[in-house]
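Trainee: Please pick one part of this protein and take me through it closely, from its surroundings to its residues.

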Amino acid sequence: MIRTIALTTIAGLTLMACSAPPAQVAYGPDGRPLPQLYQINSGDSDRIQLRFLDGVNAVRQAAGAAPVALNAELTAAAATHSRDMSVQNRPWHFGSDGSSPLDRARRVGYRGELLGENISETYETELETLSAWMSAEDQRAVILNPEARDLGFSWFQEPGGKIWWTMVTGRPGSAGAVGF
């Protein structure tokens, strides 16, 4: 009997040692818990972009708007701006060189009309960020703009986990197109 209890106790302790440790909660300077870290790895890029594109097109379809497609030039402009916002340590629409969203789209060779830009500084996933944008009237208008056909989407994640998201929309056109 004692042997059975001892073996059961040892087996239980062994199983407990193999289980994952409890999640550690980190606290910010205000004393509130920080959100759980959403770590983006280099191999996640395509999956994240396609999941975001699917999310955008789902809300556009529900609103009666045509789908958008990922555009390489607009995505390059979004990536540049995400990294630049991190360098500046502030979410805003102007680059450290004074560039506007339109300037950045032109620099990467986008030949269409730039329609809008959404930005975010967060620890949230791409779909949580999309949801937050949908809850703000001006950001929702960028996502649901019925004229949009092109989408640029990218991010920059700092070593501490903060993510700078940028989304830009456009309409294909000629080199002389202007907008925003």
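Mentor: A residue is called buried when its relative accessible area is under 20%, exposed when over 50%, and partly exposed in between (1.4 Å probe, protein chains only). By that rule, 39% of the 180 residues in the protein are buried. The model is predicted, so local features need pLDDT of at least 70 and side-chain atom pairs pLDDT 80 or more, while totals for chains, interfaces and linings use all residues. Numbering starts from 1 along each chain as its sequence is written, and side-chain values use heavy atoms, without hydrogens or water.

The protein has six helices and four strands (DSSP runs, H or I of at least four residues and E of at least two, numbered from the N terminus). Along the sequence they follow the pattern α-α-β-α-α-β-α-α-β-β. The part to look at is α2, residues 45-62. After α2 comes glycine 64, with a positive phi near 85 degrees.

The buried residues of α2 are Ile48, Gln49, Phe52, Leu53, Gly55, Val56, Asn57 and Arg60. They pack against β1 (69-70), α3 (72-88), α5, α6, β3 and β4.

Phe52 deserves a separate look. Leaving out residues up to four places away in sequence, Phe52 touches Glu126, Leu127, Leu130, Trp133, Leu151, Phe153 and Met167 (contact means heavy atoms within 4.5 Å). Phe52 is also listed with Trp165 and Met167 as having the most contacts inside the largest nonpolar core, which has 20 residues. Such a core is a set of buried Ala, Val, Leu, Ile, Met, Phe, Trp, Tyr and Cys residues joined through side-chain atoms within 4.5 Å. At least two residues of this core come from each of α2, α5, α6, β3 (150-157) and β4 (163-171). With four residues, α2 gives the most to this core. Another core, of six residues, lies apart from it and includes Leu74, Leu102, Tyr110 and Leu114.

Helix α5 (residues 126-134) and helix α6 (residues 137-144) have axes that come within 6 Å and cross at roughly 110 degrees. That contact is made by Leu130, Ala132, Trp133 and Met134 of α5 and by Gln139, Arg140, Ile143 and Leu144 of α6.

Notes:
Axes are lines fitted to C-alpha atoms, for helices over the stretch in contact, and angles run from 0 to 180 degrees between N-to-C directions.
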